[in-house]
Amino acid sequence: MSKTLQRVRGFPDRLPEYCIHFDDILSQSIEVIKSFCFERIESPILENSDLFVKTLGEGSDVVNKEMYSFQKGEENLTLRPEGTASIARLFITEKLHKQIPLKFFYYGPMFRHERPQKGRFRQFYQLGVEVLGTDDEKATVEILSMAWLIMKKLKIQNKISLEINSIGNLSERETYKNQLREFLKPILQKLSPDSQRRFQKNPLRIWDSKEESDQEIMKKAPLLIENLKKESLTKYENLKNHLSELKIPFTENFKLVRGLDYYNDFVFEFTSPHLGSQSGVLAGGRYDSLIKILGGADTPAVGWGAGLERLILLCESSKKQEKVIGIVSTGSEAQKKAFQIAYQLREDGHKVYYHFSGNVSKQMKRISQKNCSIALFYGEKELSNQENTIGLKNLKTQEQSNIPLSKLNQFL
């Protein structure tokens with residue numbers, strides 16, 4: 001007996017009910033984004049592996065453990081694990097530096113080989129926005145206010161909280177890394193194996209550890225915010241003031257560092273206690289050096305990415321009811337005519353469900369399952385009727401009538 005094929009672990013199937021919910025959440029979010037005059041762009045799913053090694057950091061968990069990489073001929077390729085690096089590469093490749101500032105948004109599948117659990121898959125969808133070519137603080141505030149309006153549009157603002165922090169500039173972080181290493185060196189063996197590895201490459205990542213023993217040790221560690229100089233602190237204070245003026249609630253989390261190497265200064269994350277250990281919903285920050293690292297012009301930038309699967313977990317299923325017309329027909333000749341009627345109605349812009357076979361009772365049961373609000377009946381009786389009418393039933397009020405086919409579209 002042959003073994004039944006299974007889907008690949010962490011790569012979920014999506015059934016119609018889920019896809020309807022997905023499309024609704026995505027469309028509502030995009031509606032908010034477009035109100036800020038951001039334009040959609042699209043980058044390929046497959047990129048050169050060096051793009052992510054250079055931008056995410058050789059010591060990052062994404063590069064070391066999670067990337068889906070393979071060799072094809074002489075090319076080392078990777079399924080994109082996140083969106084920002086691809087957008088930065090696109091900015092350089094398409095020579096967009098003369099058009100700045102630019103406001104973009106994108107969405108699509110990303111891929112990471114992580115342990116699947118609630119809200120975390122190996123193929124997941126990310127919605128992201130990027131502002132390229134300005135270091136104005138209002139650009140950061142704009143995308144944060146956009147994220148907040150999305151949460152309100154989806155009616156989940158009471159289920160999430162915004163956490164913010166400043167991780168300073170490169171010089172301040174290097175000073176802090178040395179300070180953190182000095183603190184951890186005497187107790188290095190007490191850290192988890194992953195954190196011991198991070199100690200050498202980037203000790204800031206130890207703040208991201210989910211190991212309780214690591215978290216206990218880090219409670220006494222010095223904080224990065226304590227190493228920031230006046231300019232960085234002033235930027236941070238200005239951003240907090242902007243958020244307060246817009247009445248966007250936030251809390252300061254001085255342990256928030258973000259897991260990717262390209263961030264600087266302001267970082268943030270929307271989290272929810274309703275999602276368990278995978279509490280992050282939307283996160284981002286400034287990445288003023290990223291495009292220069294990739295060989296482009298010195299281009300300041302800021303952006304965020306949101307996990308659509310996690311947004312969906314927080315949102316109730318859409319209760320919106322579209323007007324769907326169901327067609328019931330019996331008899332081969334009548335069915336041919338009914339099939340033509342269905343085509344014509346669709347051409348006129350209506351949503352029509354046509355069931356291919358079965359008696360009237362079976363067809364009615366099916367169109368009821370499809371949430372049709374109107375049923376049209378066309379059988380042998382209607383076919384032979386010289387008045388050329390079609391039966392119509394309002395499935396909400398149960399009212400029935402016969403309508404001339406010539407006036408059906410007008411009536412609907």
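Analyst: T140 sits in helix 5 (residues 137-153). Helices (H or I, at least four residues) and strands (E, at least two) are DSSP runs, numbered from the N terminus. This is a predicted model: local features need pLDDT of at least 70, side-chain atom pairs count only at pLDDT 80 or more, and totals for chains, interfaces and linings use all residues. Residues are numbered from 1 along each chain as its sequence is written, and side-chain values use heavy atoms, with hydrogens and water left out.

User: What is the relative accessible area of T140?

Analyst: Buried means under 20% relative accessible area, exposed over 50%, and partly exposed in between (1.4 Å probe, protein chains only). T140 counts as buried because its relative accessible area is 1%.

User: Which residues is T140 in contact with, leaving aside its neighbours within four places in sequence?

Analyst: Contact means heavy atoms within 4.5 Å. With those neighbours left aside, the contacts of T140 are L239, F266, R286 and V302.

User: How many residues of strand 9 are buried?

Analyst: Strand 9 covers residues 264-271 and is mostly covered. The buried count is eight of its eight residues.

User: Which residue in strand 10 is the bridge partner of F270?

Analyst: Two strands pair if DSSP finds at least two bridges between them. Strand 9 pairs with strand 10 (residues 280-286) in the antiparallel sense, over six bridges. Strand 9 also pairs with strand 7 (residues 161-166), again antiparallel and over six bridges. In strand 10, F270 has as its partner L282.

User: In what order do the three strands of the open sheet lie?

Analyst: The pairing in this sheet is antiparallel. Its edge strands are strand 2 (46-48) and strand 3 (68-72), each pairing on one side only. The order is 2-4-3.

User: At about what angle does helix 2 run to strand 2?

Analyst: Axes are lines fitted to C-alpha atoms, for helices over the stretch in contact, and angles run from 0 to 180 degrees between N-to-C directions. Helix 2 (residues 49-56) lies across strand 2, strand 3 and strand 4. Its angle to strand 2 is about 70°.

User: Within what arc do the buried residues of helix 2 fall?

Analyst: S49, L51, F52, T55 and L56 are buried in helix 2. The arc is that of the directions from the helix axis to the C-beta atoms. Those buried residues line one face of the helix, because seen down its axis they fall within an arc of 160°.
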